Amino acid sequence: METAWIDIAAKGGLGIGLLVAGLAVVGALIGAFVVGARIRRREPSPPRPKEQPRRPEDGPVHEAREHREPDEVPRSDHRLNPHEMPGHGNMPSGRSSSQQRSRWDEGRSGSFGGGGQG
């Protein structure tokens, strides 16, 4: 019976600890909200309707489709490293002389198991 007050104090201390932890979490959330509101106030406002981008006068811009082919690799007596190539290894390309799409052979899908012989 003498230890009953220790049990009551322990349960009360646990309750007080949880209450303090809960208040700390609520305080942190409120503080984060206040800091976020201050940062939001410093940001520029969204553009007005008159400041929005406009479509060009001659109409919408359309996608340009063309077939391109890589430029020739320069010939040399020794093996070229990427830093020795034009464009530092990024191969430039130009417009292809034929704008026809390359197609697979008729009757074949071009994949493995595409119905060919064998």
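## A salt bridge at Glu51

Glu51 is partly exposed, with a relative accessible area of 48%. Its side chain meets that of Arg48 in a salt bridge, with N and O 3.5 Å apart. Arg48, at 58% relative accessibility, counts as exposed. Please keep in mind that this is a predicted model.

## The overall picture

Let us step back to the whole chain. The secondary structure comes to 1 helix and 2 strands, and along the sequence these follow the pattern α-β-β. Of the 118 residues of the protein, 3% count as buried.

The accessible surface comes to about 11800 Å², and 56% of that belongs to carbon and sulfur atoms. Among contacts between residues at least 6 apart in sequence, 49% join residues at least 24 apart.

How many salt bridges does a search of the whole structure find? The search finds 4. As background, side chains of opposite charge can pair when their charged atoms come close.

One of the bridges links Arg65 with Glu63, where the closest N and O atoms are 3.2 Å apart. Arg65 is exposed, with a relative accessible area of 74%, and Glu63 is exposed too, with 63%.

## A link across the sequence

In another salt bridge, the side chains of Arg95 and Glu66 meet at 2.6 Å, N to O. Arg95 lies in strand S2 and Glu66 in the loop between H1 and strand S1 (68-70), so this pair ties together parts that are 29 residues apart in sequence. Arg95 is exposed, with a relative accessible area of 54%, whereas Glu66 counts as partly exposed at 35% relative accessibility. Salt bridges that share partners join Glu66, Arg68 and Arg95 into one network.

## A buried serine

Is Ser96 buried or exposed? Ser96 has a relative accessible area of 13%, and because the cut-off for buried is under 20%, this serine counts as buried.

Leaving aside residues up to four places away in sequence, Ser96 touches His67, Arg68 and Glu69. The side chain of Ser96 also reaches the backbone oxygen of Ser98 at 3.0 Å.

## A nonpolar patch on the helix side

Which residues form a nonpolar patch on the surface? They are Val26, Ile30, Phe33 and Val34, and together they have about 390 Å² of accessible area. Val34 lies in helix H1, which covers residues 4-42, and counts as partly exposed at 35% relative accessibility.

How values were computed: Residues numbered from 1 in each chain as written. Predicted model: local features only at pLDDT ≥ 70, side-chain atom pairs only at ≥ 80, totals over all residues. Heavy atoms only, no water. Patch = residues over 30% accessible without salt bridge, like charges linked within 9 Å, V, L, I, M, F, W, Y side chains within 5 Å. Areas by Shrake-Rupley, 256 points an atom, 1.4 Å probe, with all protein chains shown as cover. Helix = DSSP H or I, 4+ residues; strand = E, 2+ residues; numbered from the N terminus. Buried < 20%, exposed > 50% of the residue type's maximum accessible area, 1.4 Å probe, protein only. Contact = heavy atoms within 4.5 Å. Polar contact = N/O pair within 3.5 Å; in protein donor to acceptor, adjacent residues only side chain to side chain.
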